Amino acid sequence: MTRTAGALAFAGAASTLLAGCGGDAEAEAPVAGATSYTDGTYDGARVVNEKGGFQAQVTIEGGEITAVAAIEAGTQDPQSTTINATAIPELAEKVVAAQSADVDAVSGASFTSPGFLESVADALAQAAG
């Protein structure tokens with residue numbers, strides 16, 4: 001057997017074995033709304049970093065995150081204002097879609113993302129009881 005044929009045979013056997021280990025993909029998918037939230041509006045803790053203070057407000061309706069808004073979003077520095085004008089709405093959208101504060105940061109918003117998401121996480125902790 002040539003090296004190529006041997007490698008292909010091994011790859012085929014390995015993929016067949018691994019396919020059998022896959023299980024039911026539907027059962028492994030995260031369950032949306034796995035955390036139970038109490039309806040209401042919750043203000044997260046104010047988080048301060050070198051770009052100012054960040055504070056989020058989260059609205060829960062029907063046990064789900066329906067809105068995320070900024071109470072405070074950094075400094076009034078023109079660069080921060082420009083970054084926050086796009087980063088905050090993007091983060092809010094991600095949180096609502098994920099039903100969690102565990103979302104990816106926004107590229108270019110190295111101070112806004114962690115500050116805002118930490119406040120969102122605090123608001124969700126309050127909502128979870």
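Does Glu72 count as buried, exposed or partly exposed, and at what relative accessibility? In this predicted model, Glu72 has a relative accessibility of 23% and therefore counts as partly exposed, since buried means under 20% and exposed over 50%.

**View 1. Salt bridge between Glu72 and Arg46.** Glu72 forms a salt bridge with Arg46, and their closest N and O atoms are 2.6 Å apart. Because Glu72 belongs to strand 4 whereas Arg46 sits in the loop between strand 1 (40–43) and strand 2 (47–49), the pair ties together parts that are 26 residues apart in sequence. The structure holds two salt bridges.

**View 2. Salt bridge between Lys94 and Glu90 within helix 3.** The side chains of Lys94 and Glu90 meet in a salt bridge with an N to O distance of 3.8 Å; both residues lie in helix 3, four residues apart, which is about one turn of the helix. Lys94, at 24% relative accessibility, counts as partly exposed, and Glu90, at 36%, also counts as partly exposed.

**View 3. Course of helix 3 and the end of the helix.** The 21 residues of helix 3 (residues 78–98) should span 30 Å at 1.5 Å a residue, and the end C-alpha atoms are 30 Å apart, which agrees.

**View 4. Buried residues of helix 3 and what covers them.** Ser80, Asn84, Ala87, Ile88, Leu91, Ala92 and Val95 are buried in helix 3. The elements covering the buried residues of this helix include strand 3 (52–61), strand 4 (64–73) and helix 4 (112–128).

Methods: Residues numbered from 1 in each chain as written. Predicted model: local features only at pLDDT ≥ 70, side-chain atom pairs only at ≥ 80, totals over all residues. Heavy atoms only, no water. Helix = DSSP H or I, 4+ residues; strand = E, 2+ residues; numbered from the N terminus. Expected span 1.5 Å × (residues − 1). Buried < 20%, exposed > 50% of the residue type's maximum accessible area, 1.4 Å probe, protein only. Contact = heavy atoms within 4.5 Å. Salt bridge = Lys/Arg side-chain N within 4 Å of Asp/Glu carboxyl O.
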